[in-house]
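Take a look at the structure below.

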Amino acid sequence: MDKDVPAGSGITTVAGRLALGITLLAFGLGNTAVLDGVSAADASSIAQYVGGAALFVAGVVALREGDAADGTAFSVLGALWFTWAVTDVAAAEEAGLFLLLFALAALSLTLAGGDRLNRGVHGLFFVALMLLAVAAFAQNDGLAKAGGWFAVAAGAVAWYAATAAWAHWPTALPRRAAGRGVTATG
């Protein structure tokens, strides 16, 4: 293993963010019902293999590389996605409880810090999961669609974060210098 590779800046982070982005986009679009004939259940194989297995492996590799933040996030989310995909959740209450617990993990990842894009992804995903959990408990399709759109937004941010890291695009908005800006003319 090359010890000179800085943590969090390598291909592992890019691969993990891409896997998370693809999984969130598929999961979110399935919940929005915007694509005719595509449901959240149709995203199950993506959740199992890309979101579950690939994310978990990316997490283990990131931990091995010394990147505790991405390693923890990817491995926890990978384990949860895999569990979601292989578990036959029949009752709305079971689904709601799983989504609620999944949301708490996303909240922990949001509050744990990291860069703004990661916090944005985890924060949007937390909101999506909370809306989906409440929708499952209440059996409310409108809330499920709203949760799906938040998951789509989280997926888009994760996808941008991966692409930006790989292509060396900006990941923060430029700031104005203090005291500079629009001045009033009198």
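The largest pocket in this predicted model holds about 600 Å³ of space. Its lining is made of 27 residues. Asn31, Ala40, Trp84, Ala95 and Leu99 are the ones nearest the centre. Now find the helices around the pocket. The elements that each give two or more residues to the lining are α1 (11–32), α2 (44–64), α3 (68–86), α4 (92–111), α5 (116–138) and α6 (141–167). What classes of residue line the largest pocket? The lining has 19 nonpolar residues, 6 polar ones and 2 charged ones.

Next, turn to the rings. A pair of aromatic rings is described by two things: the distance of the centres and the angle of the planes. The count here comes to 8 aromatic pairs. Start with Trp81 and Phe102. Their ring centres are 5.3 Å apart and their planes meet at 75 degrees. An angle over 60 degrees counts as edge-to-face, so this pair is edge-to-face. Trp81 sits in helix α3 and Phe102 in helix α4, so the pair ties together parts 21 residues apart in sequence. Trp81 has 1%, so Trp81 counts as buried. Phe102 also has 1%, so Phe102 is buried.

Compare Tyr160 and Trp169. This aromatic pair is tilted, with 5.9 Å from centre to centre and 35 degrees between the planes. Tyr160 is partly exposed, at 32% relative accessible area. Trp169 is partly exposed too, at 44%.

Finally, look for a group of rings. Ring pairs join Phe27, Trp81, Trp84, Phe98, Phe102 and Phe125 into a cluster. Trp84 also belongs to the residues nearest the centre of the largest pocket.

Key:
Residues are numbered from 1 along each chain as its sequence is written. This is a predicted model: local features need pLDDT of at least 70, side-chain atom pairs count only at pLDDT 80 or more; totals for chains, interfaces and linings use all residues. Side-chain values use heavy atoms; hydrogens and water are left out. On a 1 Å grid over the protein atoms alone, a cavity is a set of points where a 1.4 Å probe fits but cannot get out, and a pocket is an open set with protein on both sides within 12 Å along at least five of seven lines; lining residues have an atom within 4 Å of a point. Grid points are joined across faces, edges and corners, and a volume is the space filled by probe spheres set on the points. Helices (H or I, at least four residues) and strands (E, at least two) are DSSP runs, numbered from the N terminus. Ala, Val, Leu, Ile, Met, Phe, Trp, Tyr, Cys and Pro count as nonpolar, Asp, Glu, Lys and Arg as charged, and the others, Gly among them, as polar. Rings of Phe, Tyr and Trp (its six-membered ring) pair if their centres lie within 6.5 Å; planes under 30 degrees apart count as stacked, over 60 as edge-to-face and the rest as tilted. Buried means under 20% relative accessible area, exposed over 50%, partly exposed in between (1.4 Å probe, protein chains only).
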